[in-house]
Amino acid sequence: MDRQSQNVLGIIALTLAAAGVAWAASGRERSLAIFPAQNIPLRFDHGLHLESGADCATCHESVSKSETSKDRNLPGHEQCETCHDIEAAQKGKKTDPPASCGACHPSFDPTVRKEPAKLDLPHANLRFTHKVHLDKKVECTACHGDMTKVTLATRQQLPKMATCLECHDDKLAPGACKTCHLTDGSGRLQLNFSSGILRPMQGDPFGLDHGPRFEFTHGSRAAVSRQVCSQCHADSYCQKCHDSMQKPLSVHPNDFITLHPVQARTDAARCESCHRLQSFCAACHERVGVGMDADQSLRPRNAKVHPDYATWVQNPGPQHHGIVASKDIRQCSACHREETCMSCHSELSARQQVNPHPSGFSNVCKKLAAANDRACLKCHLESSLAQKGCR
Amino acid sequence: MSFLDRAQRSMGRAAHATWALGLGLALLAAEPASAAAFQIEARTEAQAYQIRAWRGTTPDDVVLLPRRRIVQYLGLNAFELVTGQDLGFEASLRIFADFGLPSGEAEKLDGLPSEDADLMYAYARYATGGFEGQLGRQLYIDSMDVMAFDGLRLRYMSRFGVGVEAYGGLWVKGAGLLASPVYQPDGTRESDSRRLEQNIAGADDSLDSLQPVYGAKLLAGNLKGFSGALGYRKSLLGGKTDLERAGLELRYARGLGVSGVAGLDFDLLQMKPAQARLQVRLDRELYAVSAEALRFTPVFSTNSIWYYFAYAPRDEVRLRADYYPVGSLRYYVQALGSLYHDNINRASSLADDVDAEGAPPSTNVGGSVGASFRRGNFRSALDVTYRTGFGGSQLWVDLTGGLPINEGLIELDGRLSVAQVDDAFNPQLRGTFFGAQLWASRALSRAARISLVLEQNVNPFSRSDTKAFFLFDLKANL
């Protein structure tokens with residue numbers, strides 16, 4: 001990398017670091033898909049109420065019977081009036097505790113407006129019943145945390161999935177995703193909500209964080225946890241990228257048809273997660289004149305993707321194709337057909353008969369030939385196999 | 001075979017498949033008083049651009065090959081065909097045509113049809129308790145491979161956390177009926193029919209043969225935090241072993257937020273690990289760190305001569321740290337190093353040249369740094385990746401941004417990318433490549449969306465090129 005590129009990289013890294021410090025804050029978001037954004041134009045102090053002797057059920061009386069997340073379970077004026085003498089305050093009397101409109105509805109002046117600003121409190125997109133949890137003696141704090149230092153409760157007091165999983169471990173309580181998450185007709189989790197897309201985020205207790213570059217890193221996990229992936233995704237979702245036909249615009253950068261050889265040279269395994277070398281890559285390479293086994297009319301005439309023929313094929317040396325092939329044979333089979341290699345590596349070739357097998361191959365050839373000798377017989381005669389001790 | 005004949009044959013296949021799917025659905029849906037849910041999915045993708053080919057007599061004598069491809073996906077899904085029962089059906093059919101590829105040219109190429117119809121999957125599924133069964137064409141993904149087969153898969157997981165899975169059928173290969181080669185064993189052509197017609201020596205008529213595949217797994221689900229599977233798979237072609245593998249998958253997800261994932265795949269023909277991967281990830285409120293070690297070996301059919309060549313695996317180590325100070329912004333940095341092994345026959349005169357001056361390096365190192373940002377509806381991401389060593393050096397800068405407008409009625413996305421590449425192996429691809437992409441999409445209804453993508457690239461190789469993509473997505477519940 002030249003000096004200029006190093007400088008550019010350094011500046012980008014510094015900018016990112018500086019921006020990170022600038023943005024640093026303590027708040028952590030819950031999923032907007034699960035808990036949509038709220039607007040609660042209220043003044044309230046949970047800590048003060050608990051300190052005054054109230055318990056949760058004093059105000060949230062309906063919770064014990066609530067069987068759906070659509071229930072708000074918030075106290076109305078009638079519950080507040082148990083302690084707050086709203087009627088007296090409306091007559092201009094001084095009350096303790098305070099009971100004027102402004103005590104709970106900041107900036108609300110009943111002489112100017114008819115009603116205070118409304119709460120925007122969408123229900124959680126979950127399958128949830130307070131009743132069952134309370135019947136099982138689950139403490140409010142187990143899910144909502146310690147409220148003694150909380151003023152106005154917001155989304156931050158709603159449980160994160162890691163909290164749920166402390167009990168929902170398939171032993172104490174069911175651990176299946178659809179125990180709590182909503183599903184669509186297919187039985188898979190519903191992912192699209194008007195408030196956002198359900199997507200595992202940072203801190204996901206299953207280690208499924210679908211963060212940046214997840215397109216490139218999910219393979220390891222998907223290979224061993226397909227059942228987990230299929231809780232949300234149908235085969236058609238995977239095939240949107242893995243069917244080797246469509247260009248996934250979020251994966252391949254611009255101009256990828258021109259630039260893909262560069263990435264393929266270093267990481268052909270990534271290509272192979274969607275493309276078979278012989279049935280996809282080689283065919284297209286033959287069409288554009290890169291592959292040398294193509295029909296005569298399609299053969300390359302000005303391609304210069306290898307060193308000169310003598311260095312690459314004829315003379316043993318550090319730039320001989322055998323070294324590259326040994327390190328990454330995918331590069332060869334992405335453009336060439338077996339015939340290319342057989343022209344010099346087959347015992348039946350009139351040109352050369354260079355042994356392509358690794359050291360010690362003769363010790364295992366009998367076992368391999370017994371399992372499948374079809375490939376052997378592409379390059380060897382039956383008599384030759386027997387002579388080499390491979391029969 | 002003329003273009004018209006091929007097109008008619010493909011369309012005929014597609015029509016038959018659609019008719020069969022429709023009939024199947026109708027029969028399945030005939031259950032009276034059913035709470036069945038039906039879903040159709042359709043996706044249309046059209047591409048138009050040109051590819052610079054190497055057929056010219058000089059580098060300046062450019063031959064441009066047109067790509068005018070249209071791909072149509074049709075999906076039919078049905079669920080809960082019997083009220084209260086997890087009985088369903090899922091199918092996806094793909095039809096495509098490349099109007100930029102003349103049929104005469106396609107006939108000279110193995111595996112590049114100018115039009116075709118592929119049934120990607122079509123299976124009936126039933127599940128009850130810990131039992132699950134799938135019958136039909138289905139995808140199968142595990143640590144060993146990604147494949148598709150026509151057959152039956154049965155899975156049972158007991159309430160004690162142990163289970164078993166068995167599957168068997170015919171591997172879906174390009175030469176099959178309404179079949180795509182996308183998941184077939186690699187290392188051989190999808191068919192040698194063209195070469196057989198021309199009496200070319202070495203053409204293999206077994207490539208078109210039916211290929212049975214079967215396997216089984218012992219399963220563990222959340223046993224003291226461990227989940228995993230121990231599996232075996234074998235595939236035969238013409239009565240001879242094509243692939244034989246054993247796989248071990250393991251996952252641990254307990255403790256101080258550590259979740260480990262491991263996968264290992266043994267090639268039984270040579271009794272050596274073919275693929276291996278080990279990942280450990282620690283997730284915390286403000287950060288996550290992960291380490292991953294991988295071994296990659298090409299997965300070739302034993303019918304391919306390359307399976308017996310002196311090639312070696314690549315090992316890779318990846319370290320990554322993510323930091324998310326607030327919900328709207330997060331950063332990550334990733335480092336990776338690859339080691340390319342070699343397997344040169346020690347008796348070969350090349351053995352001494354592997355590490356000689358001028359030989360390709362055995363390592364490739366690099367990393368990525370990036371950030372993503374979400375605020376309100378706006379989202380953006382920046383990624384900078386650099387790698388050097390085996391395969392040359394490459395620097396990629398990728399900036400994306402997207403904004404849904406009017407609750408997603410319209411969505412605008414943009415992407416700017418810069419690549420600076422230098423590979424002595426391929427001097428034609430050297431320099432700085434710029435690209436810009438603009439994506440505009442509009443929802444036609446809650447179920448349908450139409451998108452247009454324009455891409456403009458400027459670079460020293462093709463100088464300037466423009467690409468256009470059109471997409472139409474439909475997903476509707478009936």
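Predicted model: local features only at pLDDT ≥ 70, side-chain atom pairs only at ≥ 80, totals over all residues.
Me: Why is Ala142(A) called partly exposed?

Reply: Ala142(A) has 14 C-beta neighbours inside 10 Å. A buried residue needs 20 or more and an exposed one has 12 or fewer, so a residue in between is called partly exposed. Ala142(A) lies in helix H8 of chain A, which covers residues 140-144. Its C-alpha atom is separated by 55 Å from that of Phe280(A), 138 residues apart along the chain.

Me: What makes E7(B) and E8(B) count as paired strands?

Reply: Two strands pair if there are at least two bridges between them. E7(B) and E8(B), the latter covering residues 212-223, have 9 bridges in the antiparallel sense, so they count as paired. Within that pairing, Val164(B) has Leu218(B) in E8(B) as its bridge partner.

Me: And how do you know that E8(B) pairs with E9(B)?

Reply: By the same rule of at least two bridges: E8(B) and E9(B) (residues 226-237) are joined by 9 bridges, again antiparallel. Leu218(B) turns up here too, standing opposite Leu230(B) in E9(B). The hairpin of E8(B) and E9(B) has 2 residues between the strands, and Lys224(B) takes a positive phi near 50° there.

Me: Which residues touch the most other members of the largest nonpolar core?

Reply: They are Leu93(B), Tyr121(B), Tyr140(B), Ala148(B) and Phe149(B), in a core of 39 residues. Helix H10 (214-224) of chain A gives two or more residues to this core, as do several strands of chain B, including E2 (63-79), E4 and E6 (146-157). The most come from E3(B), with 7 residues. Domain 1 (1-128) and domain 2 (142-282) of chain B each supply at least three residues.

Me: What makes Tyr121(B) a contact of Ala148(B)?

Reply: A contact requires C-beta atoms within 7 Å. Leaving aside neighbours within four places in sequence, Ala148(B) is in contact with Tyr121(B), Arg137(B), Gln138(B), Leu139(B), Tyr140(B), Val172(B) and Tyr183(B). Another core, of 22 residues, lies apart from the largest one, and Ile323(A), Ala369(A), Cys376(A) and Tyr308(B) are among its members.

Me: Which residues of H10(A) are called buried?

Reply: Ser220(A), Arg221(A), Ala222(A), Ala223(A) and Val224(A) are. The label calls for 20 or more other C-beta atoms within 10 Å. The buried residues of H10(A) pack against helix H11 (226-229) of chain A and strands of chain B, including E5, E10 (240-252) and E13 (287-296).

Me: How many residues does each chain bring to the contact between A and B?

Reply: Chain A brings 106 residues and chain B brings 147. The side of chain A that touches chain B has 46 nonpolar, 35 polar and 25 charged residues.

Me: What are the domains of chain B, and how many residues do domain 1 and domain 2 give to their contact?

Reply: The domain assignment gives domain 1 (1-128), domain 2 (142-282) and domain 3 (392-478). Domain 1 of chain B gives 9 residues to the contact and domain 2 of chain B gives 10. Helix H1 (3-28) and strand E4 (115-128) of chain B each give two or more residues to the domain 1 side, and E4(B) gives the most, with 5.

Me: Where do the domains of chain A fall?

Reply: Domain 1 covers 46-170, domain 2 covers 276-356 and domain 3 covers 357-391. The C-alpha centres of domain 2 and domain 3 of chain A lie 23 Å apart. Their contact takes 8 residues from domain 2 of chain A and 5 from domain 3 of chain A.

Technical notes: Residues numbered from 1 in each chain as written. Chains lettered and ligands numbered in written order. Domains from an automatic or database assignment. Contact = placed C-beta atoms within 7 Å. Helix = DSSP H or I, 4+ residues; strand = E, 2+ residues; numbered from the N terminus. Nonpolar A, V, L, I, M, F, W, Y, C, P; charged D, E, K, R; others polar. Core = buried A, V, L, I, M, F, W, Y, C linked by C-beta atoms within 7 Å.
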